[in-house]
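Me: I've got a model open and want a quick tour. Can you walk me through it?

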Amino acid sequence: MHKHDRPGGPPGGHPGTGPRVLEDGSPACRLVAWEVTRSCNLACKHCRAEAHPEPYPGELSTREAKALIDTFPQVGNPIIIFTGGDPMIRPDVYELVAYTHARGLICAFSPNGTLITPENAKKLKAAGVDRCSISIDGADAASHDAFRGVPGAFDASLRGIGYLKDAGLPFQINTTVTRNNLASFRKIFDLCERIGAAAWHIFLLVPMGRASGLADQVITAQEYEDVLHWLYDFRKGTNMHLKATCAPHYYRIMRQRAHEEGIAVTPETFGMDAMTRGCLGGTGFCFISHTGQVQPCGYLELNCGNVRETPFPQIWRESAYFRQFRDQSCYKGKCGVCEFHKVCGGCRARAQSMDGDHMGQEPLCTYIPARLR
């Protein structure tokens with residue numbers, strides 16, 4: 001399961017376009033990352049899935065999957081991200097996409113790119129996929145393949161991207177930022193522009209699961225800050241949509257830089273980035289596993305309920321974990337008093353994986369809130 005493929009965002013980078021608040025006062029769900037299968041042909045270092053092409057036990061059946069899809073409109077108008085593993089391995093995935101599309105929901109698709117052919121690219125387009133996200137974690141084959149665990153993955157993904165372009169299916173590039181590729185940041189950005197990506201989404205590594213062995217690849221808090229400033233500057237010279245995921249501080253930095261430059265943060269100046277929050281886990285986004293377990297995000301394995309036992313809308317509205325994330329008074333340390341909380345929130349998964357407390361302060365943040373100075 002390519003975790004950083006999951007919350008890569010919707011077409012255009014726009015969160016869901018439905019209501020912002022539900023009738024009971026709960027926030028509307030804007031994005032659902034749905035792991036339709038855990039099966040995958042790769043063994044990426046940061047991912048909980050291993051190379052395993054056969055179906056895992058307990059995957060939702062076609063009937064169960066469609067019943068789940070029927071409930072999505074009850075929590076707003078969420079964008080549905082079909083992810084995995086590699087969702088292309090699931091035989092009925094085109095049927096599930098078409099079923100979702102028929103309910104008026106935007107469908108994003110997150111394969112690793114290596115299994116895309118001219119034929120199935122056309123099938124994805126016909127089923128109603130609005131955008132694909134493909135992960136590229138290095139500026140060349142050697143660096144990307146080392147991270148992905150399979151020689152030839154880089155060339156196969158680029159070939160798959162070519163087939164998406166031929167089918168008229170927009171694509172975005174997702175990149176996990178690590179110590180190894182930090183120096184290649186500009187080259188990866190240039191590659192995205194050169195191949196015609198509609199968007200480039202960067203993901204800051206969360207060291208959990210199999211990625212816990214990559215603790216030495218986590219960049220420092222200051223490097224984190226520097227990367228997000230680079231991203232802010234990159235956006236000025238490109239037509240690609242740039243987005244930081246698992247990097248909630250970007251939305252603080254965006255406002256600080258805009259203030260320094262005398263720019264109002266509005267949809268006219270920053271698009272939907274002006275309207276969203278850094279960490280959406282439990283507040284506008286959730287993850288559903290291949291067995292139906294609902295979590296705040298793919299990196300944070302808190303069991304918020306299972307759709308086989310409890311209707312998804314009820315989980316979204318009533319989960320105790322989700323209610324915590326929606327209440328700033330539940331946050332500890334500087335996140336609990338930060339004036340940027342409503343636009344940031346800190347990475348809950350990183351707080352859990354690095355400090356053992358999902359409501360603790362963001363471990364990789366240099367900012368000192370005004371109340372603590």
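Me: What lies over the face of Tyr99?
Reply: Arg103 does, at 3.6 Å from the ring centre. A charge sits over a ring if NZ of Lys or CZ of Arg is within 6 Å of the ring centre and within 35 degrees of the ring normal.

Me: And over Tyr94?
Reply: Lys123 lies over the face of Tyr94, at 4.2 Å from the ring centre.

Me: Before we go on, what are the ground rules?
Reply: This is a predicted model: local features need pLDDT of at least 70, side-chain atom pairs need 80 or more, and totals for chains, interfaces and linings use all residues. Residues are numbered from 1 along each chain as its sequence is written, and side-chain values use heavy atoms, with hydrogens and water left out.

Me: Which residues of helix H2 are buried?
Reply: In H2, residues 93-101, the buried ones are Val93, Tyr94, Leu96, Val97 and Thr100. Buried means under 20% relative accessible area, exposed over 50%, partly exposed in between (1.4 Å probe, protein chains only). Helices (H or I, at least four residues) and strands (E, at least two) are DSSP runs, numbered from the N terminus.

Me: Where do they sit around the axis?
Reply: On the same side of H2, because they cover an arc of only 160° around the axis. The arc is that of the directions from the helix axis to the C-beta atoms.

Me: What do they pack against?
Reply: Strands E1 (29-35), E2 (76-83), E3 (107-109) and E4 (129-135), plus helices H1 (62-71) and H3 (118-127). Contact means heavy atoms within 4.5 Å.

Me: OK, strands. How many bridges join E3 and E4?
Reply: Three, in the parallel sense. Ala108 stands opposite Arg131 in E4. Two strands pair if DSSP finds at least two bridges between them.

Me: Why call E4 enclosed?
Reply: Six of its seven residues are buried, so E4 is largely enclosed by the rest of the structure.

Me: What's next to it?
Reply: E5, residues 171-177, joined to E4 by four bridges and running parallel. Ser135 stands opposite Asn174 in E5.

Me: How many residues of E5 are buried?
Reply: Seven of its seven. Phe171, Ile173, Thr175 and Val177 are buried on one side, and Gln172, Asn174 and Thr176 on the other. In a regular strand the side chains alternate between the two faces of the sheet.

Me: And how many bridges join E5 to E6?
Reply: Six, again with the strands parallel. Thr176 has Phe203 in E6 as its bridge partner.

Me: Tell me about Ile202. Buried or exposed?
Reply: Buried, since its relative accessible area is 0%. Ile202 lies in strand E6.

Me: What does it touch?
Reply: Leaving aside neighbours within four places in sequence, its contacts include Thr175, Val177, Phe185, Val227 and Thr245. Ile202 and Thr245 are 43 residues apart in sequence, yet their C-alphas are 6.0 Å apart.

Me: Switching to aromatics. How many pairs?
Reply: The structure holds 14 aromatic pairs. Rings of Phe, Tyr and Trp (its six-membered ring) pair if their centres lie within 6.5 Å; planes under 30 degrees apart are stacked, over 60 edge-to-face, the rest tilted.

Me: Where are those two?
Reply: Phe185 is in helix H6 (residues 185-195) and Trp200 in strand E6 (residues 199-204), 15 residues apart. Phe185 is buried at 2% relative accessible area. Trp200 is buried too, at 0%.

Me: Which other ring pairs with Trp200?
Reply: Phe189 does, in a tilted pair with centres 5.7 Å apart and 50° between the planes. Phe189 lies in H6 and Trp200 in E6, so the pair ties together parts eleven residues apart in sequence. Phe189 is buried at 1%.

Me: Last one. What does the side chain of Ser110 contact?
Reply: The side chain of Ser133, in a polar contact of 2.6 Å. A polar contact is a pair of N or O atoms within 3.5 Å; within protein, one must be able to donate a hydrogen and the other to accept it, and residues adjacent in sequence count only if both atoms are side-chain atoms. Ser110 is in the loop between E3 and H3, and is buried at 1% relative accessibility.
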